[in-house]
Amino acid sequence: MRSIRKRWTICTISILLIFYKTKEIARTEGHPEAQPSGDGEQSLSKSMVNSSDKISRKSGSSVFQYSVERWKINSSLVMEIRKNILRFLDAERDISVVKSSFKPGDVIHYVLDRRRTLNISQDLHSLLPEVSPMKNRRFKTCAVVGNSGILLDSGCGKEIDSHEFVIRCNLAPVVEFAADVGTKSDFITMNPSVVQRAFGGFRNESDREKFVHRLSMLNDSVLWIPAFMVKGGEKHVQWVNALILKNKLKVQTAYPSLRLIHAVRGYWLTNKVYIKRPSTGLLMYTLATRFCDEIHLYGFWPFPKDINGKPVKYHYYDDLKYRYFSNASPHRMPLEFKTLNMLHNKGALKLTTGKCIQQ
């Protein structure tokens with residue numbers, strides 16, 4: 001009888017432990033209200049807390065209180081963030097796999113879809129860089145340019161172009177919006193989905209010529225293609241690679257490492273920022289901390305209206321609609337923005353969401 005009672009007690013304790021552990025995982029992974037545990041790096045984890053996903057869904061005006069005019073860089077915090085990020089990833093190496101990483105015919109698993117595989121083609125292998133395109137590079141000031149409609153009528157073009165190194169997202173058009181977004185492009189990301197959305201899936205020669213013309217404007221810039229993330233865009237990547245080779249475009253191609261997105265997510269989760277998958281903008285900021293002494297962000301605004309209630313387009317260059325607060329989205333852009341705004345207030349980065357002051 002005593003033995004049965006003992007086994008029952010052990011079983012009950014085990015069930016309770018599993019129950020509370022499950023609740024804790026659900027609280028921290030599934031709900032943005034999760035509170036920090038109090039451990040980790042004090043200066044970051046205590047402030048990078050996903051304390052609310054109850055951000056104003058109408059304008060976002062309650063999200064932040066900050067001043068661009070009084071902003072001053074906090075160099076010691078910049079160095080601390082860089083040091084902490086380097087514990088999770090080597091941005092110089094992880095920004096792209098290199099030619100020695102694979103050989104033609106190798107089979108790899110997609111980063112976010114481990115059941116699916118990809119064959120390393122001859123074209124892809126020939127475009128892999130010999131060394132990291134960011135090896136030994138360092139810049140005083142960098143601009144990371146998002147694609148929010150908040151850039152329209154901002155007059156930020158000259159300021160963006162004045163930075164030593166400019167990072168842009170998803171091959172966004174610049175010439176016709178130059179006054180607001182600038183034209184300088186040193187590092188440009190391009191998700192495979194861009195081929196379908198912006199270039200008609202290369203259905204005709206006109207679409208292909210438009211794409212080749214856009215890439216020819218990049219000259220020797222880095223074109224960053226996340227080719228190994230999920231299955232579905234492999235044909236687009238093949239077509240892009242073939243056009244680059246056929247037209248002998250001077251662009252430097254780069255393909256992020258298989259561990260990059262997990263390493264970046266790990267860094268932010270450790271600092272109590274409970275994201276599901278980092279957006280391209282957050283990825284670029286995280287990588288830029290390795291190469292840039294001072295980072296300026298433009299075009300980051302995950303709300304349908306500005307602080308004055310005026311509608312803001314999701315992209316400055318099209319009419320795509322996006323549900324910023326949808327649970328189905330792989331990103332948590334309002335949370336990311338709140339975190340970046342906090343870092344702005346602490347002097348780790350400069351976030352511009354209004355009009356740029358003309359010099």
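The crossing of helices α9 and α10 is right-handed, a term used when the near helix is turned clockwise from the far one by less than a right angle, with anticlockwise giving left-handed. The model examined here is predicted, so local features were taken at pLDDT of at least 70 and side-chain atom pairs at pLDDT 80 or more, while totals for chains, interfaces and linings use all residues. Residues are numbered from 1 along each chain as its sequence is written, and side-chain values use heavy atoms, with hydrogens and water left out. Helices (H or I, at least four residues) and strands (E, at least two) are DSSP runs, numbered from the N terminus.

On the α9 side, Arg208, Phe211, Val212 and Leu215 make the contact, and they meet Val240, Leu243 and Ile244 of α10; contact means heavy atoms within 4.5 Å. Six of these residues are nonpolar, none is polar and one is charged. In this grouping Ala, Val, Leu, Ile, Met, Phe, Trp, Tyr, Cys and Pro are nonpolar, Asp, Glu, Lys and Arg are charged, and the others, Gly among them, are polar.

Leu260, Val264 and Trp268 of α11 touch Leu282, Leu283, Tyr285, Thr286 and Leu287 of α12. This contact has seven nonpolar residues, one polar and no charged.

The packing of α12 with α3 (residues 75–85) has an angle of about 110° and axes 9 Å apart, which makes α3 roughly perpendicular to α12. From α3 come Ile81, Arg82 and Ile85, and from α12 come Tyr285, Thr286, Thr289 and Arg290. Three nonpolar, two polar and two charged residues make up this contact.

Turning to the strands, seven of them form an open sheet with parallel pairing, in the order β7-β6-β5-β4-β3-β8-β9. Strands count as paired if DSSP finds at least two bridges between them. At the edges, β7 (252–254) and β9 (350–352) each pair on one side only. Neighbouring strands are turned by 20° against each other on average, direction ignored. Within the sheet, β5 (residues 187–189) and β6 (residues 222–224) pair in the parallel sense over three bridges, and Ile188 has Leu223 as its bridge partner in β6.

Most residues other than glycine have a negative phi. Asp153, in the loop between β3 (139–145) and α6 (157–161), has a positive phi near 65°. Leu171, in the loop between β4 (165–168) and α7 (178–181), also has a positive value, near 50°. Asp153 counts as exposed because its relative accessibility is 51%, while Leu171 counts as buried at 4%. Buried means under 20% relative accessible area, exposed over 50% and partly exposed in between, with a 1.4 Å probe and protein chains only.

Terms used. Axes fitted to C-alpha atoms, helices over the stretch in contact; angles between N-to-C directions. Parallel < 35°, antiparallel > 145°, perpendicular 65-115°, else oblique.
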